[in-house]
Amino acid sequence: MKLVIQGKNIEITDSINEYVNEKIEKAVSHFQQLTTEVDVHLSVAKNPRINPKQAAEVTIYANGTVIRAQESSENLYASIDLVADKIARQLRKYKEKRQSKLSKAKTVEMIESEVVENLIGDRQPELPSEVVRTKYFAMPPMTVEEALEQLQFIDHDFYMFSNSATGEINVIYKRYHHGGYGLIQPRLNNG
């Protein structure tokens with residue numbers, strides 16, 4: 001397993017490095033056969049208005065699945081403890097789901113496709129004046145069910161994926177006001 005530790009507004013000392021190694025290795029010890037790479041990002045907010053100031057984010061790449069957790073507190077070591085516990089729970093959940101899929105041939109309830117006629121209503125979108133962060137990630141083809149599973153393992157409101165049935169880029173997202181999940185698909189005729 002490859003472990004990468006990075007810091008923002010903080011120097012990664014030997015003691016921090018050892019502590020992260022100890023905690024993260026303990027959290028993923030039962031799942032090392034699934035885990036290929038672990039990225040740890042530690043950051044300290046310089047802005048006095050941001051509370052809590054010390055954050056730890058862990059991203060795990062496990063057999064094509066991305067599992068992510070983030071925690072913040074007033075103490076960096078406490079943040080590392082919290083995120084290690086959270087990532088261990090998520091890995092346990094992932095392993096249980098994976099084993100239940102392999103041991104049982106149960107059917108998964110299909111998500112109804114939802115056509116989003118007008119996502120923003122009559123409001124005008126306000127876009128940032130500049131791109132402040134760019135992310136790249138692999139997008140292997142997957143089913144809607146697999147994309148929903150991925151969404152549940154990351155700490156985001158949406159997940160973009162390449163739909164294996166259509167070959168198109170789709171977005172699955174959490175519906176907070178009405179519950180459940182929604183699926184955004186491109187319209188075949190753009191007219």
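The model is predicted: local features need pLDDT of at least 70, side-chain atom pairs count only at pLDDT 80 or more, and totals for chains, interfaces and linings use all residues. Residues are numbered from 1 along each chain as its sequence is written, and side-chain values use heavy atoms, with hydrogens and water left out. Helices (H or I, at least four residues) and strands (E, at least two) are DSSP runs, numbered from the N terminus.

**Salt bridges**

- The structure holds 3 salt bridges, each defined as a side-chain nitrogen of Lys or Arg within 4 Å of a carboxyl oxygen of Asp or Glu.
- D81 and K23 pair through their side chains at 3.6 Å, N to O. This pair links distant parts of the chain, with D81 in helix α2 and K23 in helix α1, 58 residues apart.
- D81 is partly exposed at 25% relative accessibility, and K23 is partly exposed at 23%. Buried means under 20% relative accessible area, exposed over 50%, and partly exposed in between (1.4 Å probe, protein chains only).
- E57 and R68 form a salt bridge at 3.3 Å, N to O. E57 lies in strand β3 (residues 54-62) and R68 in strand β4 (residues 65-73), 11 residues apart.
- E57 is buried at 17% relative accessibility, and R68 is buried at 10%.
- E71 and K86 form a salt bridge at 3.5 Å, N to O. The pair connects strand β4, which holds E71, with helix α2, which holds K86, 15 residues apart.

**Surface patches**

- Patches are made of residues with over 30% relative accessible area and no salt bridge; like charges are joined within 9 Å, and nonpolar side chains (Val, Leu, Ile, Met, Phe, Trp, Tyr) within 5 Å.
- E11, D14, E18 and E22 form a negative surface patch. D14 sits in helix α1 (residues 14-28) and is exposed at 61% relative accessibility.
- F137, M160 and I169 make a nonpolar surface patch of about 270 Å². F137 is in the loop between α2 (76-103) and β5 (141-142) and is partly exposed at 48% relative accessibility.

**Buried elements**

- Helix α3 (residues 144-153) is largely enclosed by the rest of the structure, because 7 of its 10 residues are buried. These are V144, A147, L148, E149, Q150, L151 and F153.
- S162 belongs to strand β6 (residues 158-163) and is buried, with a relative accessible area of 12%.
- Leaving aside residues up to four places away in sequence, S162 touches M139, P140, P141, M142, G167, E168 and I169 (contact means heavy atoms within 4.5 Å).

Definitions and conventions
Accessible areas come from the Shrake-Rupley method with a 1.4 Å probe; for residues, only the protein chains shown count as cover. Lys and Arg count as positive and Asp and Glu as negative; His and the chain ends are not counted. The place of a charge is taken as NZ of Lys, CZ of Arg, CG of Asp or CD of Glu.
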